[in-house]
Amino acid sequence: MSTFDKKTKGDIYFAQRDKELDKLIDSTTGKVYAHLVKKINCMLCESPDYTVLFTKNGFDFVRCNKCGHIYVNPQLSEESITAHYNDNSKTTKLCQNYLSSKKSMELRSKLYKDFFSKLKEGIPGGNILDIGCSMGQFLKMGKDLGYEVLGLELNEEAAQRAKKKFGVPVERKLLEECSFDDNSFDIISMFGVIEHLPNPVEVIKDVYRILKPGGAFIGLCPNVNSLVCMVLHQSSRTFDGRMHLSYFSNQTIRYLFTKVGFQNKNIEIGTCYTGKDSLLNYFQFLDPFGDEEVKYLPDKFRKFITDKKGWKKFEKKMSELNLGLKLTFIAKKKNCRQISK
Ligand SMILES: [Zn+2]
């Protein structure tokens with residue numbers, strides 16, 4: 001990750017993000033200022049019963065004792081979250097630079113291609129709604145493939161870039177502010193969005209409603225059961241209490257999707273990106289996000305992991321076991337049934 005961070009200017013972005021997080025913390029308690037947060041029930045099953053796993057940057061990360069969902073509790077109020085997406089803070093700008101760097105665009109391009117090749121057979125044409133479309137890279141690819149496209153993006157800078165750079169239509173709205181008819185879209189996507197939602201059940205229920213029968217809901221989010229999260233715990237960058245409110249696993253994302261109407265057999269979950277650099281650094285008691293280093297690894301393991309074939313084997317195994325950094329999902333709306341209230 002480190003080399004990738006430097007090439008994409010991700011390192012500057014993450015440093016600024018941490019600085020902004022520090023400002024939220026009440027030094028007398030070590031927690032986020034009480035007036036900025038509110039205590040909530042489980043974001044998926046509404047149970048008030050949970051266990052605190054750890055505290056990081058003033059936020060408590062908890063696991064629901066009923067459904068197993070990992071989430072932040074208490075959370076910043078919705079107003080302060082929305083303000084963040086609308087603002088033009090330094091972090092937001094740096095994030096846009098990071099996302100528009102050549103290296104990170106290439107990475108996403110490959111990911112999107114994989115999605116389109118999977119969708120090609122069942123949904124070769126039609127329309128796409130990309131929720132949280134950022135600067136519109138996915139929509140641009142869809143448009144080039146002949147789909148009709150529309151994006152929703154709250155961040156002004158990202159929305160402008162999408163329009164200017166890729167010429168794709170973007171509305172600066174939340175899904176709940178749009179009044180799309182039932183069965184409106186063939187493909188609905190959310191790349192790196194679900195983890196930010198304060199009300200995932202409500203939003204995904206609406207996604208299901210506006211998805212056409214035969215359509216697909218696709219996307220990606222952090223994988224709480226990735227090897228990186230399971231080894232690094234709170235040292236993993238994934239755990240960001242201000243922006244990432246939910247931490248899904250294969251099991252809890254299925255729970256969310258089936259709760260709103262998708263059928264388990266029509267949900268396909270995979271993972272991508274290994275987080276190799278941060279893991280290897282951490283194994284050697286080094287900064288996981290520092291420069292990639294292998295000299296302190298035990299000889300046999302170093303040989304295995306630095307050898308191209310060895311690495312490929314490792315990568316393949318991680319993918320088979322769903323241990324990648326991000327969960328990828330394709331949920332198809334095959335059989336229409338009543339959405340449970
Ligand atoms: Zn729960």
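Visitor: So which residues have the most contacts inside the largest nonpolar core?
Guide: Ala-162, Ile-187 and Ile-188, in a core of 76 residues. A nonpolar core here is a set of buried Ala, Val, Leu, Ile, Met, Phe, Trp, Tyr and Cys residues joined through C-beta atoms within 7 Å. Strand S12 (residues 211-222) gives the most to this core, with 6 residues. Strands (E, at least two residues) and helices (H or I, at least four) are DSSP runs numbered from the N terminus.
Guide: Keep in mind that this is a predicted model: local features need pLDDT of at least 70, side-chain atom pairs count only at pLDDT 80 or more, and totals for chains, interfaces and linings use all residues. Numbering runs from 1 along each chain as its sequence is written.
Visitor: What's Ala-162 in contact with, leaving aside neighbours within four places in sequence?
Guide: Cys-133, Met-135, Gly-136, Gly-151, Glu-153, Val-168 and Val-170. Contact means C-beta atoms, placed from the backbone, within 7 Å.
Visitor: Switching to H5, which of its residues are buried?
Guide: Tyr-112, Phe-115 and Leu-119. They sit on the same side of H5, because they cover an arc of only 55 degrees around the axis, taking directions from the helix axis to the C-beta atoms. Buried means 20 or more other C-beta atoms within 10 Å of a residue's own, exposed 12 or fewer, partly exposed in between.
Visitor: And what covers them?
Guide: Helix H6 (137-144), strand S11 (185-191) and S12 are among the elements covering the buried residues of H5.
Visitor: Which exposed residues are on the face turned away?
Guide: Lys-102, Glu-106, Lys-110, Lys-113 and Ser-117.

Notes:
Contact = placed C-beta atoms within 7 Å.
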